[in-house]
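Open the model in your viewer and keep the selection panel at hand. The tour goes stop by stop.

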Amino acid sequence: KVPVGTCVPMLTGLMRGRHTNWKRAKSAAFRIRDPNYTCKSFHEDIVEAFPELRLYCSSGEGVGGASSVTSGRSVDDEYQRTIGALFAVFWAMRMDIDGR
């Protein structure tokens, strides 16, 4: 178990030098309804745009070596759940384009 008060410095260290890539985030937003914009391209954009997604994968375990997060799920499950939610937005925005 991670001692109380150790997460903030740890997260600060893991995120040091990493910032939201607004160019990639805006690319995803502007291109989401482009028929030629693929789910693969969307995934590449969001992974590059949001470096905090890498926190799920920092060592194969959660922050501080925990194998699960507060939900009780594994960090891998939470990463897949988060990416799945972002894909759901992608697919919902394109239902009338390629979701017929």
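Predicted model: local features only at pLDDT ≥ 70, side-chain atom pairs only at ≥ 80, totals over all residues.

How many salt bridges does the count come to? The count comes to 4 salt bridges.

**Confidence.** Colour by pLDDT. The protein averages 80, and 68% of the residues score at least 70. Now select residues 60-64, where the pLDDT is below 50. Beyond near neighbours in sequence, this stretch has 11 contacts in the model.

**Asp96 and Arg33.** Select both side chains. They form a salt bridge, with the closest N and O atoms 2.9 Å apart. The pair links distant parts of the chain: Asp96 sits in helix α5 (residues 95-98), Arg33 in the loop between α2 and α3, 63 residues apart. Asp96 is partly exposed at 46% relative accessibility. Arg33 is also partly exposed, at 38%.

**Helix α3.** Select residues 39-49. The buried residues here are Phe42, Asp45, Ile46, Val47 and Ala49. Show α2 (22-31) and α4 (75-93) as well: the buried residues of α3 pack against both. Next, pick Glu44 and Lys40, whose side chains meet in a salt bridge at 3.8 Å, N to O. The two are 4 residues apart in α3, so about one helical turn separates them. Glu44 is partly exposed at 36% relative accessibility, while Lys40 is exposed at 60%.

**Helix α4.** Move to Arg81 and Glu78. Their side chains meet in a salt bridge at 3.4 Å, N to O. Both lie in α4, 3 residues apart, about one turn of the helix. Is Glu78 buried or exposed? Glu78 counts as buried, at 10% relative accessibility. Arg81 is partly exposed, with a relative accessible area of 47%.

Terms used. Residues numbered from 1 in each chain as written. Heavy atoms only, no water. Buried < 20%, exposed > 50% of the residue type's maximum accessible area, 1.4 Å probe, protein only. Contact = heavy atoms within 4.5 Å. pLDDT = per-residue confidence, 0-100.
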